[in-house]
Amino acid sequence: AELLTWGRRKNEPGQLPNGGWARLESIRAGRWDRWQPKPVRLQLINFMEKDIHDVSHWFNLTQGQWIQGLVARDKQELRVYVVTITPEMPDAIHERWPRIMT
């Protein structure tokens with residue numbers, strides 16, 4: 001296991017994309033190719049998302065589940081991003097959701 005910085009904040013130095021998420025559609029469309037993306041498993045117990053009222057909610061992963069991540073590289077800079085998908089639920093309050101894998 002290796003510890004990497006999650007995403008890049010607007011005020012941080014570096015050339016990798018701002019934010020902490022990578023949309024699956026943009027990965028498949030090749031928009032991440034210049035950063036040599038490598039898929040990784042994010043072995044998490046739970047994760048937090050905010051609702052439309054900016055209230056935080058925690059979601060548990062079950063045994064065997066993990067979240068897909070992407071490691072991006074620019075020269076010596078390495079950062080990890082959470083791969084996201086568009087939620088399948090018609091009443092979803094989020095426009096993107098972590099890609100949960102089994």
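## Strands 4 and 5

In which sense do strand 4 and strand 5 pair, and over how many bridges? They run antiparallel, with five bridges joining strand 4 to strand 5 (residues 56–60). Lysine 50 sits across from serine 56 in strand 5. Five residues lie between the two strands of this hairpin, and aspartate 54 takes a positive phi near 65°.

## How confident is the model?

Keep in mind that this is a predicted model. The protein chain has a mean pLDDT of 93, with 95% of its residues at 70 or more. Confidence is lowest in strand 4 (residues 46–50), at a mean of 91, and highest in strand 6, at 98.

## Two nonpolar cores

The largest nonpolar core is made of nine residues, among them Leu16, Trp32, Trp35, Ala72 and Tyr81. Strand 6 (66–74) and strand 7 (77–85) each supply at least two residues of this core. There's also a second, separate core of eight residues, including Phe47, Ile67, Val71 and Val82.

Leaving aside residues up to four places away in sequence, alanine 72 touches Leu16, Trp32, Trp35, Glu77, Leu78, Arg79 and Tyr81.

## Rings that meet

The structure has six aromatic pairs. One of them is tryptophan 32 with tyrosine 81, edge-to-face at 4.9 Å centre to centre and 65° between the planes. Tryptophan 32 is in the loop between helix 1 and strand 3, while tyrosine 81 is in strand 7, 49 residues apart. Both of these residues are buried, and together with Trp35 they form one aromatic cluster.

Phenylalanine 47 and tryptophan 97 have ring centres 5.4 Å apart and planes at 75°, so this pair is edge-to-face too. Phenylalanine 47 is in strand 4 and tryptophan 97 in strand 8, so the pair ties together parts 50 residues apart in sequence.

Notes. Residues numbered from 1 in each chain as written. Predicted model: local features only at pLDDT ≥ 70, side-chain atom pairs only at ≥ 80, totals over all residues. Heavy atoms only, no water. Core = buried A, V, L, I, M, F, W, Y, C linked by side-chain atoms within 4.5 Å. Buried < 20%, exposed > 50% of the residue type's maximum accessible area, 1.4 Å probe, protein only. Helix = DSSP H or I, 4+ residues; strand = E, 2+ residues; numbered from the N terminus. Contact = heavy atoms within 4.5 Å. pLDDT = per-residue confidence, 0-100. Pairing = 2+ DSSP bridges. Phe/Tyr/Trp six-rings, centres within 6.5 Å; stacked < 30°, edge-to-face > 60°.
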